[in-house]
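Please read the points below with the sequence and the coordinates open beside them.

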Amino acid sequence: LKVSTGYHIVHNEQPQTHAHLGPSYHGFRYLQGAAAPYLAGNALPLTVDTSPAPQNPFLSVSNPQAPMPGRVPCANPPTVCEKTAYRSMDGSCNHLEQPGLGVPNTKYGRLLSPKYADGISAPTRSVTGDELPSARLVSLVVFGEQDVPDPEYTLHNMQWGQIMTHDMSMQAGGTQSKKHPTRCCTDDGRLIGLDTAHRTCFAIIVPPHDPAYSQVGTECLNFVRTLTDRDSNCQYSGGPAEQLTVVTSYLDLSLVYGNSMEQNSEIREFQGGRMIVEERNGAKWLPLSRNVTGDCDAIDPNEVCYRAGDVRVNQNPGLAILQTILLREHNRIADALSALNPHFDDRTLFQEARKINIAQYQHISYYEWLPIFLGDENMLKNRLIYKTHGASYVNDYDPKIDPSVLNEHATAAFRYFHSQIEGRLELVYTFKYTHLLFINLNLFLVFFFSLLSELRAVLGSLTLSDWFNRPGIIEVGDNFDSLTRGHATQPEELTDINFDKQIKHFLFRRNMPFGSDLRSLDIQRNRDHGLATYNDMREFCGLSRAHSWEGYGDLISPQTLGKLKSLYDSYEDVDLTVGASLEDHVAGALAGPTFLCILTEQFYRTRVGDRFFFENGDKLTGFTPDQLAELRKASMARLLCDNGNNIASMQPAAFKVVSGSNPVMPCSHIPQVDLTKWIDQAQHAHADHSILFGKK
Ligand code: HEM
């Protein structure tokens, strides 16, 4: 398989890895001023460090990461594929000749070869051989935490991004729902020595006088390295380590349906084609976890904690809401199909409903959501979307394209949108009111119209860090609808260098005064995965390679460059996650050119490398022209309307804030996919089942 040329990028010589010269820590040398107490809600004061900086013992290359066999299960796709009407649960046989492409427990793809300090697996270092500056230090100095609301996009825009992320990848060995069992720092935030720490430890060293963590004496943030092919019995064939991802790479709603038949059977009802939902207080919810205290931050085993296709489901309330909405949508479709086609059996209803749900979701993702991030023009030019007419197919499946999720995408580019996260989630209620509209035509004639409208009003808010891994809050009172409306009303945070305090100091804080820092995790993960540098990626993407700090001046402001210079030993050291997050955005997109290049490449591959992409006109796997025309009516607004507890109105473009051109209107005015186009698929119901489902 070759790298696709969907985005106009130049493929250059592979970058060299730099041999290490021995451990040394340049520590906290940027912050100026005295330590000051940090209070949630205040700007972080920058403080000076005068004390000697601690060393990060995990970086020592003289302690190579020996492979530990058997940690990651082997991907076990069939060797020969049958052509069936429906996707498999684990993504196998999407590619008919290479059945294992895009299945769980396989390697991320890479655009550029890794840059490990030892050429095999040790985290990246400076070209001088020294350690790179502490990820927390970079997070504090380079990235802000100002609260800047986006004037155009709602919080659902951010939240949908996390849904797509969880559908596409999950680093092996990671856990977001539960405290990681591997401890690289003591519970009171001290570094655990190399002799006792687990070999996967790569703790983040907190600079002395950290404006937040120094208040509680935290010197170390837990960080566990992603498992690689070297931790698997069946993947490693020598050479540099490649990280593994444990979910299917396709946009196939694996987060709803699971990533294997086994996972799926835990959440499927096996009746009427439905997925399991549980009724509580008159509404249908995700089924409860069988290990509440293990899967959630629950103290009480009776707390609500969900079971879904993805283990990260409980991570935050907005995510749990969209997971619920996508699950309810499946059952809504299955019930409708069952009423329209009483002769369909459970299996046919399940697979047809799944196929429609995925198609609507792909349509929303590519035609409503991605253009906001990648720009319409860029997407059209690079053949990620088409100016299609109602019923016409786009037959662009290309078996030469590798559908794997790129490491540069999942570990750097897509995480830039962590900047959109808002730390306060508003609860929005509606009030119905009758609006009398008078039109005075002349002195004697007065017409009036009576309009039933809905007003939205904010009646409270939740603080994000109080509700990480505690999703039960969405079932309380009217919160489900109030948060759903809230996410459609409240602006997301501007996509910029600011990351909300709630994720910068309080991530997963579990009732403690402080938690972790997501931006630091992103930067450390970049080094853990040995990603090629910012400069390498610029060159790869056809931008000019810098030969000095000033070489970055085309896209990064002098003030920001000054900060980078004060942190890194060399302009060659700048991490991809850091440099590309600081670029001016491309007009019409939400990222600078380097990230845009990676994102465009990824979403080209995700589309063209998916044999089941909804616009393909294959007789067995595709839709009829009439059905396709209906699917193109799917929208985020309608999804919310159809699956809230009682959502009666919505603005038609739910990723965009309410405005004169995007007014809140009754749901009945928002187009809906007409499922009668799926009536009497007699050929499916009566056809040889082995053609539809395979012989097994
Ligand atoms: C409240 C919202 C969110 C929270 C709390 C959150 C938190 C996290 C955490 C804790 C990780 C793992 C960090 C690590 O250990 O390396 C992660 C990974 C990631 N996040 Fe987020 N995230 C959120 C929203 C988003 C959004 C909106 C996007 C993109 C649009 C996104 C994209 C990613 C990606 C691509 C990864 C890596 C996935 C992988 O394992 O391959 N996240 N996030």
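1. In this predicted model, α2 makes the greatest contribution to the shell around the ligand, with 4 residues; helices here are DSSP runs (H or I, at least four residues) and strands likewise (E, at least two), numbered from the N terminus. The ligand is surrounded by 23 residues, the closest being G161, S169, A410, F414 and F417, where a residue is near if its C-beta atom, placed from the backbone, lies within 6 Å of the molecule. The elements giving two or more residues to this shell are α2 (155–168) and α12 (518–528).

2. The helix α12 is largely enclosed by the rest of the structure, because 11 of its 11 residues are buried, that is, have 20 or more other C-beta atoms within 10 Å of their own, C-beta atoms being placed from the backbone. Its buried residues, among them R519, D522 and R525, pack against α1 (135–142), β3 (204–205), β4 (220–221), α9 (407–413), α11 (501–504) and α15 (576–579). After α12 comes G530, with a positive phi near 60°.

3. The average pLDDT (the predictor's confidence in each residue, from 0 to 100) is 87 for the protein, and 84% of the residues score at least 70. Over residues 1–54, however, pLDDT stays under 50, and the model has 120 contacts beyond four places in sequence for them, a contact being two C-beta atoms, placed from the backbone, within 7 Å.

4. Residues are numbered from 1 along each chain as its sequence is written. Local features need pLDDT of at least 70 and side-chain atom pairs count only at pLDDT 80 or more, whereas totals for chains, interfaces and linings use all residues.

Methods
A residue is buried if 20 or more other C-beta atoms lie within 10 Å of its own, exposed if 12 or fewer, and partly exposed in between; C-beta atoms are placed from the backbone.
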